[in-house]
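The structure is shown first, and the points follow by topic.

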Amino acid sequence: MSPPDGHARPGGDGEYENGEDEVEISGNTDNSQAASHSDSGTRNIFRTHAQRHWDAGLPVIPLIAFDAPISGWVKSPGKQPAIRGWHAYGERMPDAQEQASWLASMGDCNMGLPLGPTSGLVAFDVDTVDGKILEILEGFMTIKSPWRRVGAKGYVVVYRYSGEKTFRIKDMEGNTICELLSKGTQVVLPPSIHPKTRAPYIVEGGVDLVDVFKDVPSLPVDFEKSLRVVLGGQGVRLSAGGSAGLTEMVPRSSRDDECTRKAGLFAYAVLRGERTLREALGMIEEWCASFTEQVSGDNLDPKEGIRKLIRLFVRDVRERGRLLPKGWDAGLSERDKFDLGLDFDGDEQERSYSEIIEIFNIDMEDALGGEQRLAGVNACLKRVHRSPSLSPILVESILQHVRKKSRLDIPLRKLQKELKDLKDNASFDHQDRPLIELIPSELPASVDAMEQALIAGDPGIFQRGDRVVRLGEQEVPTFKGEKLKTTRLYPVDANNLCERAMRVAKFEKFDARKNDKVQTKCPNDVASTYLSRVGDWLLPTLTGFVTTPTLRADGSILNTPGYDPTTGILYQPNAEFPELLDMPTHEDALAALTLLTDLVGTFKFVSSTDRAVWLSLVLTSVVRRSLDTAPLHAFSAPVAGSGKSKLVDLAAIIATGGRAGVITQADGDTELEKRLVTELLDGSPFIAIDNCTRPLGGDQLCAALTQTEVKLRVLGESRAPQVLTNATMAATGNSFRIKGDMGRRTLVCRLDPGVERPELLAFDFDPIEAVEGERGKYVIAALTILRAYAVSGSSLKVQPLNSFANWSRRVRDALVWLDEPDAVGTQVQLREDDPERKSAIEVLSQWNEVLGEEPVTVNRVITVVTDQHLAITPGTRNFVKPEFREALLSVAGRGGSVHGRALGEWLSGIKGRIIESMKIEHAGVRGGVALWRLVNLGG
């Protein structure tokens, strides 16, 4: 049995949001359905441009309107064909009746071109933003096409069709790098509207395909093979999947057995989540038809290959209890699954977090009594058990939701125990785990095999920096001295890695005494060797975890729970969130801003600019994982109890669901840096430095704010690991002060309650209680502001803040766009209060008055400031230049005297820095001694 449309190859144009192609199989729609969106965003694209393409011999077809709502069969508006049996137009032109019907009823649709014999075209789709790979591809593609459609991610070029087959090249993480789209696929043509940007697709130079398609060149022979060789030779690690393969010689006597073996392999790939069933059907069909030598009288029937694959697939699910992975049926309609005999009842299906929650909510709404509600709870626990890719954090969230929604007063511990019993009592099919044969002389092969098993079977393990990590929970103190359960990262050591490996793979070694192979545990040297492969791991790279929806760096919405390979962010929701509008307006953003400002209406900000600092902190915290750098947000007040910590807590609750975990300034910069590295290694999303009593600064803190990665020394260890710094950082202090280079890295919010004891003030409204009760709407409010600005097309002329350009563009500009004051304006007062700057001004002012611009040595400076008048009273010291001496003591004092080496180091550190129109510069060497000179830029 073949799929209903007779094809089983990937389709689409490689630009779907999930990174995979989607094609319509059964075409279960009609023209009236496809045209139902003509009243929303009509552009008359197909009606205006289709005819001239047909006249030129290009068989264009209508695609679902870009603004059509997603429904049961509309998966990809703007890109999905709107007609049944569209594959046929790869081999014939639509007739006059079909053309007239489409123009009449689907004129507002986008326009697509089926590729293959009729158009005479194939499309090469580059689907990556990796600069290195793009450079390799540009160098390899020496045969240039005159038509190139560009986008935010890669590009599409067309070439002459010469019988090429569709293929896809992926990296080792399963991300598509590029693909060749040929017969059975289609490509979206301009001026179709992109569903995300709501703007027309763009072609370089505005070239019209109608004008150049007859002149496009052909691809070289063995294009895919050569491309793989070039990419691999340049160090790009490729997945073996997606290749078109080579023709195989299959003897007459074993052709049926070999077909069965291939069908079993393809079915197994589906059950391991490596292929969709749709793709596997195409693979077995093409293997039978194209990749095996056809023997006269004994041809391999593609339909028989499909029947074998379906039979083996159903057997593995129903008889062997294999789990259906998420997305196994992508591209298959319900009618397709019925025709293929895939009428599973749903218990075989792995579910996502949102699916489990949705099904459980429906069960609870339909339940009439306690018995039915309990049955719904048990069914939900079974779905959780049957969904092994759910992380422990997501499982905990589901159980909390079950406990609340069921209204059965079931203790959380009981739900946890019942779920554990389900796992303990489940029969474990050892055949499901891959076998790793341990051969002492082939340690690298064993390590490679263990890594592949972990990638395939353990969704909770990642690489981050130079560590392999997993997520867990710990309790941390809050500002109020309470205990907060929060998520953190834990390093995976050799013992833990052995345990995880044995859950997803079997290990076997040769036993000389038994003269046979026996099962064994994962050897510690295999795990240790793997952990030492820093820089060569193939595990998913974790840039950070979030508990709220967020925005990617390009402004797109990330709201699907789980790991996002595009950004490396792991989204594990710990609450229910309202839907974020895809295209919010300026008015939507203003309403969201009002919601946030009303939340802090009782706080005594010195000015609206200070309030803008808090707004900036909230907006920064919900997208911090996708920002390369962000400034420190500090909160200052003249007295305790003014609300500094509460403002930080509000932002932390919105971003993480809990109050801010804190670190203290300690006795010096070194101790603070030790505590900072612990938080960064743990992957903390929000770091608060509480109650700063001294000026805040230090080289490591400065680096952590302006660098995406830093090397920080770990307490008690000699190593200095490379760690990501994408955490939101805040600080509080009475009369908060900074020092050194922190001035340009810090925004400060000033509060002044105007009373001696602000902690005694009473208010009717508790903002903490409001956020904890309705956290979701505040999260969406913050994201609405950022998303609205991202899609507005506005480009403000605000000068970016050095080292924080991305933050300036996305967060700072969004607030200015809504007529909020520029939060960066608070740096002026902060810089004025910098004690190091004040000391430098005093030194340079006195230097200018006493020494002028004369080049001098350090000893000459010390001689000047230690020169004394004749003492009138014995034992007294009467310095000639006491003000200059006092100024130098503040920067180079040691034991009550100006220290020469300390002064030299201070001058080296400040040279070239302009302060109050003055600067110190190196003026050469005299007799082997450095000379220093003050330059007065003010004349």
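Helix α7 passes helix α9 in a right-handed crossing. The model is predicted, and it holds 3 cavities of 30 Å³ or more.

**The α7 and α9 contact**

- On the α7 side, the contact is made by Asp256, Cys259, Thr260, Ala263, Gly264, Phe266, Ala267, Val270 and Leu271.
- On the α9 side, Gly305, Lys308, Leu309, Leu312, Phe313, Asp316 and Val317 take part.
- By type, the residues of this contact are 10 nonpolar, 3 polar and 3 charged.
- Helix α7 spans residues 255-271 and helix α9 spans residues 302-318; their axes come within 8 Å and cross at roughly 50°.
- α7 is therefore oblique to α9.

**The largest cavity**

- The largest cavity contains about 60 Å³ of space.
- Its lining consists of Arg464, Gly465, Asp466, Arg467, Val469, Leu681, Gln722, Val723 and Leu724.
- Strands β12 (467-477) and β25 (722-724) each supply at least two of the lining residues, and β25 gives the largest share, 3 residues.
- The lining divides into 4 nonpolar, 2 polar and 3 charged residues.

**The second largest cavity**

- About 40 Å³ of space lies in the second largest cavity.
- The residues that line the second largest cavity are Arg624, Ala630, Pro631, His633, Ala704, Leu705, Thr725, Ala727, Thr728 and Met729.
- Two or more of these lining residues come from each of α22 (699-706) and β26 (728-734).
- In this lining, 6 residues are nonpolar, 3 are polar and 1 is charged.

Note on methods:
Residues numbered from 1 in each chain as written. Predicted model: local features only at pLDDT ≥ 70, side-chain atom pairs only at ≥ 80, totals over all residues. Heavy atoms only, no water. Axes fitted to C-alpha atoms, helices over the stretch in contact; angles between N-to-C directions. Helix = DSSP H or I, 4+ residues; strand = E, 2+ residues; numbered from the N terminus. Parallel < 35°, antiparallel > 145°, perpendicular 65-115°, else oblique. Left-handed = near helix turned anticlockwise from the far one by under 90°. Contact = heavy atoms within 4.5 Å. Nonpolar A, V, L, I, M, F, W, Y, C, P; charged D, E, K, R; others polar. 1 Å grid on protein atoms, 1.4 Å probe; cavity = no way out; pocket = protein on both sides within 12 Å on 5 of 7 lines; lining within 4 Å. Points joined across faces, edges and corners; volume = space filled by probe spheres on them.
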